[in-house]
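Open the model in your viewer and keep the selection panel handy. We will begin with the whole chain and then pick out a few places one by one.

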Amino acid sequence: MLVKDELTTLPVLPAPAKKPDKKRRYELYAAAAVHDLPRSGKVLAVDVYDDGLHLRCRFFSDNRNYIFHYEGLNFEAEGWSQRNPFGNGWYSRAKDTRSTKEGDSLVLDFLGEPSRWISETDKTVGGYIDAWIGSKNADKSRQEWDRKVAQWKEHSGMFPKLPQKLAAYCEEHIFRDTVIYYSKLDSKGKRRGRCVHCGKRFSVPRNQRSGAEGTCPKCGRPGVFRGDWTQAAREDKAEICIPYKVNGDLLLRYTKVLRSIDAERKKPSYSFEDVFYDLHLHRKNGAPVEYSYYYGNGGWGGPDWHRLKNDSGGRYGPSYVYTPQLEPVFGEQIYNVPTSLLRDQLDRLIRPLNFRRLLDNLKNTQQAEYLVKMGLPMIAASSDGFVQGVRSFKAVVGCGKEYLQVLRETQANRREACVIGRQNSHASPEDVKLLVSMNLDSWKLGMVEDVVGQYHVTIGRVLRYMDRQLRNREQWKHRPSVDTVLTTWRDYRESAEFLGSDMSKTAILMPDKLKERHDVVSARATEIRKAKEDERNREWVHRRDAMIREASEGPVGRFAEGYEKNGLCLVLPKAEADFINEGQKLNHCVGNGEYAKRHAEGERMIFFVRRVDDREKPYYTAEINVVSHRVVQLYGFGDRSATPDVRQFVEGFVLAMGRWNGYQGAEVEESMRVAG
């Protein structure tokens, strides 16, 4: 064990009697010694100096632990640190920290031969220390990994096998619809159907269409009709939470359920895949701790199990609940709610709820208990912001008590209840049922509320319009999703408002063929926007050209236009098109708008170098800072460097311009003096 109070008493070792190598920069020098301390035991001390023989840091190790000390030194991290400056490039490479042969032997004897291979050039004090630290860290990482793997095996092994009746429970309580397969017309012109759920046969109308929705006349389950000749399998997915009680601890197992139905077997087959483990365990001292594991992407190794930070929270997501486990796990009551009552409500779920949040709310708030006893477990599980002491139904639920019955029937969550409660006009029970059936998330609900508030229509009218669009598949050429309808409707409204349409008229706000009207109105709005954008661009180009012309026709431009020497002359651009033409002809980047912008500002100006006998043909392009009198760039075709005669011409112009500017400045100064 390294005791810092003892280490600070150790004297600093003198710098090695070695002159720094002037040809090598950032080389470090080390002096080493072994001390026998009362509390720390034998300790290796290494003091590191830079190439100016200034102390940089001190290293201590008892061959089990190590520590660096920087306190009082001119270094980024002062004080004690476990960081390794030899191996991370703060000063230099590890091999550049050198010592005498005696120092190397002392460090090697104390730390031992490196467990990993190092090259001959790395066999220095810094190389030995870096390799030793790397091997120690690798050993710790390996031990930590082995510990985590062993703990994962222990925790995953605590979960019993899946319940034998899990598939039957899912068929009865989760997947509440069925598939009805029907045959082709027989010789008597009749069809026979068979329900996948109950397995019973019955007659089917002659004009039955595949994909149509219906109900099994034997078991009363809603379902979809499919022909016997259909080859594609029907797949349904869900997630279920299975609680366990093992050694007095609560375990929650989240499993993905896949139900597959094909025309050949005409029976549902189930497969299960665990995706999350949540363990509420007690340490030996009785303190609770939560371990959570999830199955997800593992990078190069593919999907694998990963562990979350302890007590970081379980799976706060929607799932069904395997209720036969509730009494064995929680007993007769779950906190203050009878288990039989909660089981009855969870068995009748038609949509998943957040079971983990429901447990947390039942534990921490009285409102959740009140909601469950009122028959509203979905609302009790869909809020984490209950305020203690609030008893008003509307404040807790989000809408008035007149909606209690329909909230029970539809199993609306609190977000949906709040949307209903915020309406100025009274929503009907049918409106609530339609809203819940669409299963909108917060973003979609916000879009619906925006329409209601902006155009002063009832939420029922908005929902019914959306429902009509979802059922009108002919205009979409496919089965549209709620996202498709909402985004198409939003884009249509924006385009219609841009065109000045009267949105107070229902026929304009809610067209029967939304997709068709959207395409027409959007095309018209895009055409007008493009015309306005082109007009703005023309105005901008006109203003830019005026600025470029003003800069080119100023004093500097007039001086440059008259400058000729050795058969060369200068031409200044008068418009942005001149920059583009120059860049295209010479295949360089002067056509970039930034050059025209800087030229118009009058500081870094562009000058076209031409031959006197052919002023129209691009030859070279120069960028000159007319304030500091410096050539910034001078290139020909394809960014080729200028020939000596061209460079001499341009530099001569810059020199002449500087003299001319100085003369002009002296003239102005003299005139001001005389006027004064």
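**The whole chain**

With everything selected, you are looking at 22 helices and 24 strands; helices (H or I, at least four residues) and strands (E, at least two) are DSSP runs, numbered from the N terminus. The chain is more spread out than a compact globule, because its radius of gyration is 41 Å, well over the 26 Å that the globule rule gives for 676 residues. That radius is taken over C-alpha atoms, and the rule is 2.2 Å times the number of residues to the power 0.38.

This is a predicted model, in which local features need pLDDT of at least 70 and side-chain atom pairs count only at pLDDT 80 or more, while totals for chains, interfaces and linings use all residues. Residues are numbered from 1 along each chain as its sequence is written, and side-chain values use heavy atoms, with hydrogens and water left out.

Of the 676 residues, 45% count as buried; buried means under 20% relative accessible area, exposed over 50%, and partly exposed in between (1.4 Å probe, protein chains only). Contact here means heavy atoms within 4.5 Å. Among contacts between residues at least 6 apart in sequence, 54% join residues at least 24 apart.

**Stop one: helix H12**

Select residues 414-421, which make up helix H12, a mostly covered helix with six of its eight residues buried. The buried ones are Arg-414, Glu-416, Ala-417, Cys-418, Val-419 and Ile-420. What covers them? Show helix H9 (377-380), helix H10 (393-397), helix H11 (404-410), helix H13 (429-438), H14 and helix H15 (459-471), which are included in the cover.

**Stop two: H14 against H16**

Now select helix H14 (residues 442-455) together with helix H16 (residues 482-498): their axes come within 11 Å and cross at roughly 35 degrees. Axes are lines fitted to C-alpha atoms, for helices over the stretch in contact, and angles run from 0 to 180 degrees between N-to-C directions. The crossing is left-handed, a term used if the near helix is turned anticlockwise from the far one by less than a right angle.

Show side chains to see who meets whom. From H14 come Trp-443, Lys-444, Met-447, Val-448, Val-451, Gln-454 and Tyr-455, and from H16 come Val-482, Asp-483, Leu-486, Thr-487, Trp-489, Arg-490, Arg-493 and Glu-497. These divide into eight nonpolar, two polar and five charged. Ala, Val, Leu, Ile, Met, Phe, Trp, Tyr, Cys and Pro count as nonpolar, Asp, Glu, Lys and Arg as charged, and the others, Gly among them, as polar.

Is Thr-488 buried or exposed? At 9% relative accessibility, Thr-488 counts as buried. Leaving aside residues up to four places away in sequence, Thr-488 touches Trp-476, Leu-514 and His-518.

Next, move to Arg-524 in helix H18 (residues 514-552). Arg-524 is partly exposed at 43% relative accessibility. Its C-alpha atom is separated by 9.4 Å from that of Ala-496, 28 residues apart along the chain.

**Last stop: two loop residues**

Most residues other than glycine have a negative phi. Select Asn-247, in the loop between strand S12 (234-246) and strand S13 (249-261), and you find a positive phi of about 55 degrees. Asn-247 is exposed, at 75% relative accessibility.

Finish at Asp-311, in the loop between strand S16 (304-307) and strand S17 (320-321). Asp-311 has a positive phi of about 60 degrees and is partly exposed, with a relative accessible area of 49%.
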